[in-house]
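Here's a quick tour of some ring contacts and a bit of strand pairing. Have the viewer open as you read.

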Amino acid sequence: MVLEHLHVKAGTCISAAALAAALSACATTEPVEQPWPVPDTHCAYGSVLLDAHFEAGNLGHCTVSNDGVFTLTLFPEDAPPINPSAWYAFRASGRAGDKVNIRLEVEHGYARYWPKISIDGTHWKPLDAGKVSGGGEASKQMEFSFVLEGSHTWVAGQEILNSRWYQAWMQEMEAVQGTESRLLGKSVQGRPVYLAETADKPEFILFIGRQHPPEITGALGMKPFMDTVFSDSDLAIRFRERFKLAVVPLLNPDGVANGHWRHNVDGTDLNRDWGAFAQPETRAVINWVEQQETEGLELVLVLDFHSTWEDLFYTQPAVENPRDYASVWLDASRERNPDFPFRHVQSTDFVQPNSKNYFYNTRGIPAITYEVGDETDREAIHNAAVIFAEEMMRSMLEQ
């Protein structure tokens, strides 16, 4: 056992002595390196307190200079290689009018996410450009400041969508006639992985979300997409009459709760576990899929929602037979929404064990990764998702 496999629940303090004892108990002949400290849960200077005592909170390692600048050193949950998506989320408390100065320094990544702020933890807006310097794909540093409007302000790389947000969404889907939600399985730390499903039909479609914790815009696209599919429009009703739908909106609840960059708490990128199914989260999904197939249902489409630097779709290469479903769908969407730029990338790598490759290789069906840009305008994400959902339904009904 090495340090990166010693998992400490977020918000839990562990003393140096306890940490040393734990390492001693699992000592091997190999030297154990500690690449970074246990993340801090709070940090204070004067009247200002920063804390990460909430779901998705992550301060990294916090130090304060003599002039009151908080330096947050961000590091991933596991040793590299790891996707360099440096997540941060904290709450600043103090007196109204207090100015808070933050400096981010990133280890094994870059300052990818523009800071978002919220006074209630629910409604978010990007921090004004004049208050931010640095950041971006080539930068490991970012500096920004803000003034407390009241006693506290939340700050994060992206909007915080926690378990309560997903539970409310599950209730919305369950309220649609013919839809049920249930426990699909449990994560490594015992958190629920939920499934919303409609009545059995000969063909079924699987929608997956939030395999990677910081990929918030993927969720911001998935929500209106699924709202459209579960709506009471004539198109959506006809679609649900033909296809059984299965929605797993939060596949990595541990990673989300602990403020991870990429992995679950077992040090695994869940979107590289399709085939091995070594993790309970992915295993729960494939067990359910295989149960449907055992009962005679056929999986015909998989959509997996993610985030990256831009809006794009990863699909299989175009072929004449069977029909190139992805191009039909995406071309129709582009015609309806020409002002929303996105790329259609026809993948040639079928080896990487992600969901797209697994379902294509094993079932020969369209399996598509729906990527949403990190900083794409939120209203544009919503409006495009509605159109993508409508054209997806039309294209599938024409198959």
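## Charges over rings

Keep in mind that this is a predicted model.

R334 puts its charged end over the ring of F342, and here the distance to the centre is 4.0 Å.

## An aromatic cluster

One aromatic cluster is made of F207, F225, F305, F313, Y325, W329, F340, F342, Y370 and F388. Across the whole structure, a search gives 27 aromatic pairs. One of them is F225 with F305, an edge-to-face pair with 5.4 Å from centre to centre and 70° between the planes.

Where do F225 and F305 sit in the chain? F225 belongs to helix α3 (residues 216–229), while F305 is in strand β16 (residues 298–308). As for solvent, both F225 and F305 are buried.

## A hairpin

Now for the strands. β1 (residues 42–45) and β2 (residues 48–51) run antiparallel and are joined by 4 bridges. Pick C43 and look across: its bridge partner in β2 is L50.

What do β1 and β2 form together? They make a hairpin, with 2 residues between the strands. G46 is in the turn, and its phi is positive, at about 60°.

Definitions and conventions:
Residues numbered from 1 in each chain as written. Predicted model: local features only at pLDDT ≥ 70, side-chain atom pairs only at ≥ 80, totals over all residues. Heavy atoms only, no water. Phe/Tyr/Trp six-rings, centres within 6.5 Å; stacked < 30°, edge-to-face > 60°. Buried < 20%, exposed > 50% of the residue type's maximum accessible area, 1.4 Å probe, protein only. Lys NZ or Arg CZ within 6 Å of the ring centre and 35° of its normal. Pairing = 2+ DSSP bridges.
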